[in-house]
Amino acid sequence: APVELDERYKDSFDIGAAVEPHMLNGKDGQVLKRHFNSLVAENVMKPINIQPEEGKFTFKEADKIVKFAKKNKMELRFHTLIWHSQVPEWFFLDKEGNQMVDETDPKQREKNKQLLLKRLETHVKTIVKRYKNDITSWDVVNEVIDEYAGNDKGLRESPWYQITGTDYIKVAFETADKYAKKDAKLFINDYNTEVEPKRTYLYNLVEELVEDGVPIDGVGHQAHIQIGWPTLTEIEDSINMFADLGLDNQITELDVSLYGWPPRPAYPTYDAIPESEFERQAVRYDQLFELYEKLDDKISSVTFWGVADNHTWLNDRAEEYNDGVGVDAPFVFDNEYNVKPSYWAIID
Ligand code: XIL
């Protein structure tokens, strides 16, 4: 009988999965209980879902995941306190309802900045206080680097940045640190952390945060990767760079797409994917987990961005770039929850 994934890697790191609350009761729930010892919410803990209106926190969906994790003695990552995407508009509107980013008067800009930082503090404080006993790893900020931003530090020109500079990053970490459990870990999370020049932009920012005494514990590498990209060397170097700063690393959103970018052409249906694709993917998974295992003193957790191939955000992207028809197959369980060659590759 297949061995449990979390059991296989118990001496190295946690094995996690991203979930929606509705997945917990059905087949996904069974696979989660059996193979995973860590969870993260795919969407319901994001700002837009947790504080859709100012002062109106909605924890109902998030609580379902917390409850399931507790009941099954699983670790829980929080994703994500601060992000530029899936964030409600109201954060960035001034008291008159105007976009803060449009303000030109320096005095009023400073007032807006203080208001936004206050809102950020309230958001972080309310959530962290509520879940402090449930969460072991927090994504404090997500995707703050944008190599295409055009500024010399590669900082994403989100409203957060435009209104507060990098102060929002510091205040987010300081507030999370103030209210989180002492042994909880605070992460900066991003994608393409392996690839230059983004890797160096991220490194420079993190180094600066560490030097400034900002309470950051680790780097979350989303790892939305492909079969042939990035290279194993790039992945290894990235983990080592951040470990050398004294930080933890977690793989936070792993999926291995069958495609390049953009994902075109894509197979129109799951059944149209030839077995050879799964074999090709299994080689990648084999090499990847061999590397993670080799680096296991620098990686505390590996989380897949889903459970089985029947539910993946990559399908939305495959559809988007292929006139509405296209599927991907990024995980180690197939669309009917059977184990794939990739599963055996990381078990053996
Ligand atoms: C994605 C979810 O998987 C989708 O369901 C949602 O529509 C959009 O967000 N980077 C992240 C995740 O940090 O939060 C994103 O999740 C995927 C990319």
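This is a predicted model: local features need pLDDT of at least 70, side-chain atom pairs count only at pLDDT 80 or more; totals for chains, interfaces and linings use all residues.
Residues are numbered from 1 along each chain as its sequence is written.

The ligand is surrounded by Glu42, Asn43, Asn142, Gln222, Glu253 and Trp313, a residue being near a molecule if its C-beta atom, placed from the backbone, lies within 6 Å of it. By class, this shell comprises one nonpolar, three polar and two charged residues; Ala, Val, Leu, Ile, Met, Phe, Trp, Tyr, Cys and Pro count as nonpolar, Asp, Glu, Lys and Arg as charged, and the others, Gly among them, as polar.

Strands (DSSP runs of E, at least two residues) and helices (runs of H or I, at least four) are numbered from the N terminus. Two strands are said to pair if DSSP finds at least two bridges between them. Strand 3 (residues 75–78) runs parallel to strand 4 (residues 137–142) and is joined to it by two bridges, with Ser137 of strand 4 as the bridge partner of Arg77. Strand 4 also pairs with strand 5 (residues 185–190), in the parallel sense and over five bridges; here Val141 stands opposite Ile188 of strand 5. Six of the six residues of strand 4 are buried, where buried denotes 20 or more other C-beta atoms within 10 Å of the residue's own, exposed 12 or fewer, and partly exposed the range in between, with C-beta atoms placed from the backbone.

Strand 8 (248–257) forms parallel pairs with strand 6 over four bridges and with strand 7 (residues 224–226) over three bridges. Gln250 in strand 8 is the bridge partner of Gly220, and Val256 in strand 8 stands opposite Ile225. Nine of the 10 residues of strand 8 are buried, so this strand is largely enclosed by the rest of the structure.

A nonpolar core is a set of buried Ala, Val, Leu, Ile, Met, Phe, Trp, Tyr and Cys residues joined through C-beta atoms within 7 Å. The largest such core has 88 residues, of which Trp138, Val140, Ala172 and Ala176 touch the most other members. Helix 5 (residues 106–131) gives the most to this core, with six residues. Apart from this core lies another, of eight residues, among them Ala266, Leu314, Val327 and Ala329. Leaving aside residues up to four places away in sequence, Trp138 touches Phe78, Leu81, Ala176, Ala180, Ala184, Leu186 and Phe187, contact being defined by C-beta atoms, placed from the backbone, within 7 Å.

In helix 2 (residues 27–35), the buried residues are Asp28, Leu32 and His35. They cover an arc of only 95 degrees around the axis, which puts them on the same side of helix 2; the arc is that of the directions from the helix axis to the C-beta atoms. Helix 1 (5–8) and strand 1 (14–19) are included in what covers these residues, while the face turned away from the buried side carries the exposed residues Gln30 and Arg34. Helix 11 (residues 313–320) has Leu314, Asn315, Arg317 and Ala318 buried. These residues lie on the same side of helix 11, because their arc around the axis is only 160 degrees. The cover over them includes strand 8.

Asp212 is located in the loop between helix 8 (198–211) and strand 6 (218–221). Asp212 counts as exposed because it has 10 C-beta neighbours inside 10 Å.

Methods. Two residues are in contact if their C-beta atoms, placed from the backbone, lie within 7 Å.
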